[in-house]
Amino acid sequence: MPRKHLLLPLAGLVVVVLVLENTGPFLTAQFTTMAYFAIAAGGLTVLTGLNGQLSLGHGALMAVGAYSAALLLKSALPLLVVLLTATVITLAVGALVGFAAARLHGPYLAGATLALAIAVPGIPLFFGETLGGEQGLPVRMPEIPGWLADAAYFVTGQDLTSIRYLAYLSWLAVIVVFVLLANLSRGRAGRDWRAVRDEDVAAELAGIDLGRTRVRAFVVSAGCAGLAGALMALSARLAAPSGFALTLSLLLVSAVVLGGLGSLTGALAGAALLTFLPPLVTGAGTDLGLSDVQAAHLAPLIYGLVTVLIVLLAPAGLAGGLRKLTHRRRSS
């Protein structure tokens, strides 16, 4: 990997440390939420932005990762092994779904993944003894390794709490996932994805296997969703069907569109909007004298209006709009 490509992840790690060491527990938990949304949105932007496949079922894939992690944490496995195993399990599920939907694209693929998003959250209801039914499975947060707690105290002078530990783990996962996705998008796989997205007939004539390319993109995206779901379960301390309803899949799609299709920076921006805008609007509504219920209902309305405005004013999303603005300033 070129040296300049290593500097950005290292700079990101420094920013993460500076931010998390200067925030309270509530804001730290919000940054953890942003992290797992960013991982899921990053995988989805590869599938939708680079490969042109619209998926409405990524909330279901996150549920697979969450329930896998919840079950694995009942054993004595290390947390890193649990996260990797949950990701691999979701990769396998994504491969099965990808093979089944390899010949579908456009609204047909969207319909198939929509069915997945509706069906998967209902599975725990039929396997209540194993998956906890409607109440879900409690997720046990593993203890912080002693050497890591000592190292954190030596560096920061503060005890490493479980909330901050999970935030660091989540953002480290964001950095690793985004580096891998960036390398894939710049390599042969990324070129194949773009070729299939832009003109599938020409891509097939050029020797690209359309089915294999689409399945590969779906598998990569599913793995990201599985890891995000596992981190989400750890953050919420619960894996329950209500957390993975169709709304989650639609919010992920909106985050990718708002941030900018095909842009990992856009995925990060979309995750930030998805995390911070609703509570900000709810708090503002409460300050203006609205009841808690009214303020809570105001958040989706404002989020929808922001989505419409960004689509109208910056069709390429926040990342695309920023690139255009920067280009104009350099040209002038």
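## A guided tour, starting at helix 12

Begin by selecting Asp209, which caps the N-terminal end of helix 12: one of its side-chain oxygens sits 3.2 Å from the backbone nitrogen of Gly211. That is a polar contact, meaning a pair of N or O atoms within 3.5 Å; within protein, one must be able to donate a hydrogen and the other to accept it, and residues adjacent in sequence count only if both atoms are side-chain atoms. Before moving on, note that you are viewing a predicted model, where local features need pLDDT of at least 70 and side-chain atom pairs count only at pLDDT 80 or more, while totals for chains, interfaces and linings use all residues. Residues are numbered from 1 along each chain as its sequence is written, and side-chain values use heavy atoms, with hydrogens and water left out.

**Along helix 12**

Now select residues 210-236. This is helix 12, with 27 residues and a reach of 39 Å from first C-alpha to last, close to the 39 Å expected at 1.5 Å a residue (the expected span is 1.5 Å times one less than the number of residues). Helices here are DSSP runs of H or I with at least four residues, strands are runs of E with at least two, and both are numbered from the N terminus. Helix 12 is mostly covered, as 22 of its 27 residues are buried. Buried means under 20% relative accessible area, exposed over 50%, and partly exposed in between, with a 1.4 Å probe and protein chains only.

**Visiting the salt bridges**

How many salt bridges does the structure hold? There are 3, each a side-chain nitrogen of Lys or Arg within 4 Å of a carboxyl oxygen of Asp or Glu.

- Select Asp200 and Arg214, whose side chains meet in a salt bridge at 3.6 Å, N to O. Asp200 lies in helix 11 (residues 200-205) and Arg214 in helix 12, so this pair ties together parts that are 14 residues apart in sequence. Asp200 is partly exposed at 23% relative accessibility, whereas Arg214 is buried at 9%.
- Go next to Arg197 and Asp198, where the closest N and O atoms of the salt bridge are 2.9 Å apart. Arg197 is partly exposed, at 34%, and Asp198 is exposed, at 52%.
- Then select Glu21 and Arg164, joined by a salt bridge of 4.0 Å, N to O. Glu21 belongs to the loop between helix 1 (3-20) and helix 2 (25-50), and Arg164 to helix 9 (residues 162-186), so the pair links parts that are 143 residues apart in sequence. Glu21 is buried at 15% relative accessibility, and Arg164 is buried at 11%.

**A stop in helix 15**

Select Thr307, found in helix 15 (residues 292-313). Its side chain reaches the backbone oxygen of Tyr303 at 2.8 Å. Is Thr307 buried or exposed? Thr307 is buried, with a relative accessible area of 18%.

**Two annotated spans**

An unreviewed UniProt entry places the feature "transmembrane region" at several spans, including residues 79-101 and 268-286. Such annotations may be inferred rather than shown by experiment; feature names are shortened and positions follow the numbering used here. Residues 79-101 are 96% helix and 0% strand, with end C-alpha atoms 33 Å apart. Residues 268-286 are 100% helix and 0% strand, with end C-alpha atoms 28 Å apart.

**Zooming out**

Buried residues make up 48% of its 332 residues.
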